[in-house]
Amino acid sequence: MDTSGAKKSCCESITDFFTSAKFLIYMGHALSTWGDRMWNFAVAVFLVELYGNSLLLTAVYGLVVAGSVLLLGAIIGDWVDRNPRLKVAQTSLLVQNSCVILCGILLMVVFQFKEQLVELYNGWILTTCYILVITIANIANLASTATSITIQRDWVVVVAGQDSSKLADMNATVRIIDQLTNILAPMLVGQIMSFGSHFIGCGFISGWNLCSMCLEYALLWKVYQKTPALATKAGQKEPQQELKQLSPQKDVEDGQSPEESSQPLMNETTVVTKPDSPKQRGCCYQATEPLRTLKAGWVAYYNQNIFFAGMSLAFLYMTVLGFDCITTGYAYTQGLNGSILSLLMGASAVSGICGTVAFTWVRKKCGLIRTGFISGVAQLSCLMLCVVSVFAPGSPFDLSVSPFQDLYTHLIGEKALPEAEHSLTGALMGNVTTTTAAPAEEMPPLQSYMSVSLLFAGVIAARVGLWSFDLTVTQLIQENVIESERGVINGVQNSMNYLLDLLHFIMVILAPNPEAFGLLVIISVSFVAMGHIMYFGFAFKSLGSRLFLCCSPEQKVETVDSPSLPTTV
């Protein structure tokens, strides 16, 4: 009888987990990110293919996407705050997937009738199709940003309730899903396009998003039904209310548990004063409403007590030390082939997953704020290998070579010297060929791999600290931003991330040749160091000398102090 009861209890526990709101959120997020990763990978390939293997359309698309989020991040976040949770989630889901489906259908038409479209009206019809694809894809990305803010930064917090450990586990699980889909989804769509065609790839992505949209919609409704707290939003803003920054301080009582003390603003509510009727305002006032919302959002972000923590995360985006087109392009110039790079990307993903697991363990032992400090030290320590790689044998680092030499040669139309036969596009995408006295068929000497090996060893190892730090700042924002401003603050945070990301691309454009890559590495590590210095200042202000104490969980009392109020412990 005991055995039968135990089995029944175990089955009930399993059933409860798979029907819980937490698991349903994981399922919805997995479907959403799988579609996002497939589309983000495929759209870049499609644009390159459509424009005759040129990077122009891809570069324009990247610039439009980054600029849109930079300018509209606060407005999107404010829209999330002003409206009911279910409406926001459903609207952003429908807009995002509908745009991807429409874009996929349009690309299928272009791929099928490209030759005919080129001849119509001197190619203006085809140009119009390109503009439509980029515009619709950009709208899909903005809707994806809204979905990310409302689900990952708001719904997850509400489902976790007042349990900080549960919130940390949910954040870590969501990040692991991100890591896995980031590898597997592009592999799937890449194989479909390789063994099929780009036309079939477009059709598959459109079909996936149509099915996924229906499933995600049903999952959102189930989560909403299972979590009554989602139906109410503390301090929900009226449609025409201007943003106001509120920085209430919640006293931490003696003997409070770390789970309670690490989230001082989780339960704060805001008393909303209804503004004047819209009829009393002029047309000019209504027209400038988005500008005031944008300004108020950035001011609110600046006045947050976790401002420096958010800025520290944004500074980590100003780096070439990641597995993007820039780093992989540099790797190609150093003799690494696609097979080795794919293995390195897999190792990077495993390292990132280890970072998410380490985050939950370290947070339980040392507390949330200390976890960010420890993660920053770990990341910076690993990145020192990248700095060493700049001066290691085999490094092409040479500041005597002008970074503008290739661009100047291209503009004046003269042939570059054999010693400097690089192109801006090749430097970015890895199609650069560095020539030496040896024939092209010969493999470089063994010592030439020492520099690039140290570089990727540092990048991969640093992912543990990077993802742990990212989760720390994410949870600090979740727990310390009042509910009525959670959307706009996360929207501005996304804008800051995109701003620093744009700056790092501009940095590469100014110094595209492999000889200058070592300088970019040093600048990148410097920005990462500045980011962690800002976080150290934030952590020290919050905990003081207790930051360096390895106390037991029962002894930890962490609070994020308001910049305008004295510490209350």
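At the start of helix α7, a side-chain oxygen of Asp163 comes within 3.1 Å of the backbone nitrogen of Ser165. This is a polar contact, a pair of N or O atoms within 3.5 Å; within protein, one must be able to donate a hydrogen and the other to accept it, and residues adjacent in sequence count only if both atoms are side-chain atoms. The model is predicted: local features need pLDDT of at least 70, side-chain atom pairs count only at pLDDT 80 or more, and totals for chains, interfaces and linings use all residues. Residues are numbered from 1 along each chain as its sequence is written, and side-chain values use heavy atoms, with hydrogens and water left out.

Helix α7 covers residues 164-195. Its 32 residues should span 46 Å at 1.5 Å a residue, and its end C-alpha atoms are 47 Å apart, which agrees. The expected span is 1.5 Å times one less than the number of residues. The helix bends by about 30 degrees at Thr181. Here the bend is the angle between axes fitted to the seven residues ending at a residue and the seven starting there.

The chain as a whole has 20 helices and 0 strands. Both are DSSP runs, numbered from the N terminus: helices are H or I with at least four residues, strands are E with at least two. Of the 569 residues, 50% count as buried. Buried means under 20% relative accessible area, exposed over 50%, and partly exposed in between, with a 1.4 Å probe and protein chains only. The chain exposes about 26,300 Å², of which carbon and sulfur atoms supply 67%. Accessible areas come from the Shrake-Rupley method with a 1.4 Å probe; for residues, only the protein chains shown count as cover.

Helix α12 (residues 307-315) is mostly covered, with 8 of its 9 residues buried. The buried residues are Phe307, Ala309, Gly310, Met311, Ser312, Leu313, Ala314 and Phe315. They pack against α11 (289-302), α18 (448-480), α19 and α20 (517-543).

Phe307 also takes part in ring pairing. The structure holds 14 aromatic pairs. Rings of Phe, Tyr and Trp (its six-membered ring) pair if their centres lie within 6.5 Å; planes under 30 degrees apart count as stacked, over 60 as edge-to-face and the rest as tilted. The rings of Tyr301 and Phe307 have centres 5.6 Å apart and planes at 75 degrees, so this pair is edge-to-face. Tyr302 and Phe307 form another edge-to-face pair, with ring centres 5.1 Å apart and planes at 70 degrees. Phe307 is buried, at a relative accessible area of 14%. Tyr301 is buried as well, at 2% relative accessibility. Tyr302, in contrast, is exposed, at 55%. Ring pairs link Tyr301, Tyr302, Phe307 and Phe308 into a cluster.

Ser495 is buried, at 0% relative accessibility. Its side chain reaches the backbone oxygen of Val69 at 2.8 Å. Not counting residues up to four places away in sequence, Ser495 touches Val69, Leu70, Gly73, Ala74 and Trp298. Met507 counts as buried at 10% relative accessibility. Leaving aside neighbours within four places in sequence, Met507 is in contact with Met318, Val320, Leu520, Ile523 and Ser524. Met507 and Thr319 lie 188 residues apart in sequence, yet their C-alpha atoms are 9.4 Å apart in space.

Ala331 gives a further case of separation along the chain. The residue lies in helix α13 (residues 325-333). Ala331 is buried, with 0% relative accessibility. Its C-alpha atom is 9.7 Å from that of Ser453, 122 residues away along the chain. With neighbours within four places in sequence left aside, Ala331 contacts Leu336, Leu341 and Phe456.

Ser144 is found in helix α6 (residues 124-160). Ser144 is buried, with a relative accessible area of 16%. Beyond its neighbours within four places in sequence, Ser144 is in contact with Asp36 and Gln96.

Note on methods: Contact = heavy atoms within 4.5 Å.
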